[in-house]
Amino acid sequence: MEISGPLDAHRLGEGLPDAGVDLYRRLSSDITAGVAVVSTRLRNRDYAATVSAFLSVSYDPPTMLVSLYAESRIGEAVAEAGTWALSVLSGKHQGTAAWLASPGTPLHGLLAQVPFRRGPATGSAVIYGCLAYFELRTVSVHPAATHLLVVGEVLAMGSGAEPSEAPDPLVHFGSEFRRLAP
């Protein structure tokens, strides 16, 4: 049933442009999203960053998409390397997520304090104990505003979590990392 009366809406393009961006940031922070780490290896150097904008695109062939800030080190490295890994994080990875989401992380030794193994298909870092991981080969990169939408075909996948561990995905909501399990 339709409810009468207008919606409280801020139309973009009206008033101060920064006000629309600030409102968008606040409202979009209420979109609950899974948390993962994207990693790649380029010229014998590891690159990794926390992401919450990724999704499964297709089951046949298995294909995924991740959104990366175009001017970030990880965005540039993934676009150039052509292969990458996506590690879906559990609640126990909250510290790792915060570290790899921090601005100004070091270029050298980025993963020195993060337990990981090398993926067999790409050599990219797969976060130890992750709920799921996917190794991908980039099939297309699409510029979108300030970001790159990187589409990858899955080359290998698995789970780093122990079977006895209860599912406890890490999520991003309200500009914070949160756990679903109590």
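Buried residues (under 20% relative accessible area, with exposed over 50% and partly exposed in between, 1.4 Å probe, protein chains only) make up 36% of the 182 residues in the protein chain. The model is predicted, so local features need pLDDT of at least 70 and side-chain atom pairs count only at pLDDT 80 or more, while totals for chains, interfaces and linings use all residues. Residues are numbered from 1 along each chain as its sequence is written, and side-chain values use heavy atoms, with hydrogens and water left out.

**View 1. Elements and extent of the protein chain.** Three helices and 12 strands form its secondary structure; helices (H or I, at least four residues) and strands (E, at least two) are DSSP runs, numbered from the N terminus. A box of roughly 55 × 40 × 35 Å along the principal axes holds the C-alpha atoms.

**View 2. Contacts across the protein chain.** Of the contacts (heavy atoms within 4.5 Å) with a separation of 6 or more, 63% are between residues 24 or more positions apart.

**View 3. Thr50 in strand β3.** Strand β3 covers residues 45-51 and includes Thr50. Thr50 is buried because its relative accessible area is 17%.

**View 4. Surroundings of Thr50.** The side chain of Thr50 reaches the backbone oxygen of Ala97 at 2.7 Å. Apart from neighbours within four places in sequence, Thr50 is in contact with Val35, Ala36, Val37, Thr96, Ala97, Leu100, Ala101 and Phe177.

Note on methods:
Polar contact = N/O pair within 3.5 Å; in protein donor to acceptor, adjacent residues only side chain to side chain.
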